[in-house]
Structure formats: C-alpha cells, structure tokens
Amino acid sequence: MKASKFSDAQKAFILKQGDDGVPVAEICRKAGISQAAYFNWRNRYAGLLPDEVRRLKALEDENSRLKKIVADLTLDREMLQDVIR
C-alpha cells in the first residue's frame, strides 16, 4: 500500500474541519485529496486524537507483520508434514 503524504496530525486536522461544519468539498479541495479519501479517513479515524491514530497505525502494522509470520510458519509446517508422509 502506498504511504500517505499526510501525517496523523494533518489527517486529524482535516477531519476536525469536517466536524466543525466546513463543507467536505471545500476541505478536500484545500487539502488536495478526493472525497473518497476523506470519507475513508473519517470511517477509520473518526473521533480519534493524533496520538490514538498513531497508535492504531502501529497496531495495524504489527498485526499485518504477525499475519505474515503465521502464514510463513503454516506453510513450513505443511511442507514438513508432506515430507514426513
């Protein structure tokens, strides 16, 4: 996945503008993002502070890494079981 050019604090600021009543179209135009990106961020980070967003991203990254490790170990186990047979 492509890394975002926006920091967690910038995303939180953009979302806070929407909460303050600024029209979404205007927010997206000023920030240079699509409305789809805005709504994806809102669904994912709604109500979170920048520190919480940073922690959420770290946990998601760790979860992804652990899933890859589990997949590799599962594949290794299946290969070893095939060798035993």
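User: Why does W41 count as buried?

Analyst: The model is predicted. In it, W41 has a relative accessibility of 12%. Buried means under 20%, so W41 counts as buried.

User: What makes the pair of F6 and W41 edge-to-face?

Analyst: The ring centres of F6 and W41 are 5.4 Å apart, and the limit for a pair is 6.5 Å. Their planes stand at 75°, and planes over 60 degrees apart count as edge-to-face. The pair is therefore edge-to-face. F6 lies in the segment before α1 and W41 in helix α3, so the pair ties together parts that are 35 residues apart in sequence.

User: Is F6 buried or exposed, and how do you know?

Analyst: F6 has a relative accessible area of 15%. The cut-off for buried is under 20%, so F6 is buried.

User: How many aromatic pairs does the structure hold, and why is the pair of Y38 and F39 called edge-to-face?

Analyst: The structure holds 2 aromatic pairs. The rings of Y38 and F39 have centres 5.3 Å apart, with planes at 80°. Edge-to-face needs planes over 60 degrees apart, so the pair of Y38 and F39 is edge-to-face.

User: Why is α1 called roughly perpendicular to α3?

Analyst: Helix α1 (residues 8–19) and helix α3 (residues 35–45) pack at an angle of about 95°, with their axes 10 Å apart. Angles from 65 to 115 degrees count as roughly perpendicular, which makes α1 roughly perpendicular to α3. On the α1 side K11, I14, L15 and G18 meet Y38, W41, R42 and Y45 of α3. By class, this contact of α1 with α3 has 5 nonpolar, 1 polar and 2 charged residues.

User: What makes α2 roughly perpendicular to α3?

Analyst: The axes of α2 and α3 cross at roughly 105° and come within 9 Å. The range for roughly perpendicular is 65 to 115 degrees, so α2 is roughly perpendicular to α3. V24, A25, I27 and C28 in α2 meet Q35, Y38 and F39 in α3. The contact of α2 with α3 has 6 nonpolar, 1 polar and no charged residues.

User: How do you know that K11 is buried?

Analyst: K11 lies in helix α1. At 4% relative accessibility, against a cut-off of under 20%, K11 counts as buried. Not counting residues up to four places away in sequence, K11 touches S4, F6, W41, Y45 and K57.

User: Why is Q17 called partly exposed?

Analyst: Q17, in helix α1, has a relative accessible area of 22%. Buried would need under 20% and exposed over 50%, so Q17 is partly exposed. Leaving aside neighbours within four places in sequence, Q17 is in contact with V22 and I27.

User: Which residues make up the largest nonpolar core, and which helix gives the most to this core?

Analyst: The largest nonpolar core has 10 residues: F6, I14, L15, I27, C28, I33, Y38, W41, Y45 and V53. At least two residues come from each of α1, α2 (24–31) and α3. Helix α3 gives the most, with 3 residues.

Note on methods
Residues are numbered from 1 along each chain as its sequence is written. This is a predicted model: local features need pLDDT of at least 70, side-chain atom pairs count only at pLDDT 80 or more; totals for chains, interfaces and linings use all residues. Side-chain values use heavy atoms; hydrogens and water are left out. Axes are lines fitted to C-alpha atoms, for helices over the stretch in contact, and angles run from 0 to 180 degrees between N-to-C directions. Helices (H or I, at least four residues) and strands (E, at least two) are DSSP runs, numbered from the N terminus. Angles under 35 degrees count as roughly parallel, over 145 as roughly antiparallel, 65 to 115 as roughly perpendicular and the rest as oblique. Contact means heavy atoms within 4.5 Å. Ala, Val, Leu, Ile, Met, Phe, Trp, Tyr, Cys and Pro count as nonpolar, Asp, Glu, Lys and Arg as charged, and the others, Gly among them, as polar. Buried means under 20% relative accessible area, exposed over 50%, partly exposed in between (1.4 Å probe, protein chains only). A nonpolar core is a set of buried Ala, Val, Leu, Ile, Met, Phe, Trp, Tyr and Cys residues joined through side-chain atoms within 4.5 Å. Rings of Phe, Tyr and Trp (its six-membered ring) pair if their centres lie within 6.5 Å; planes under 30 degrees apart count as stacked, over 60 as edge-to-face and the rest as tilted.
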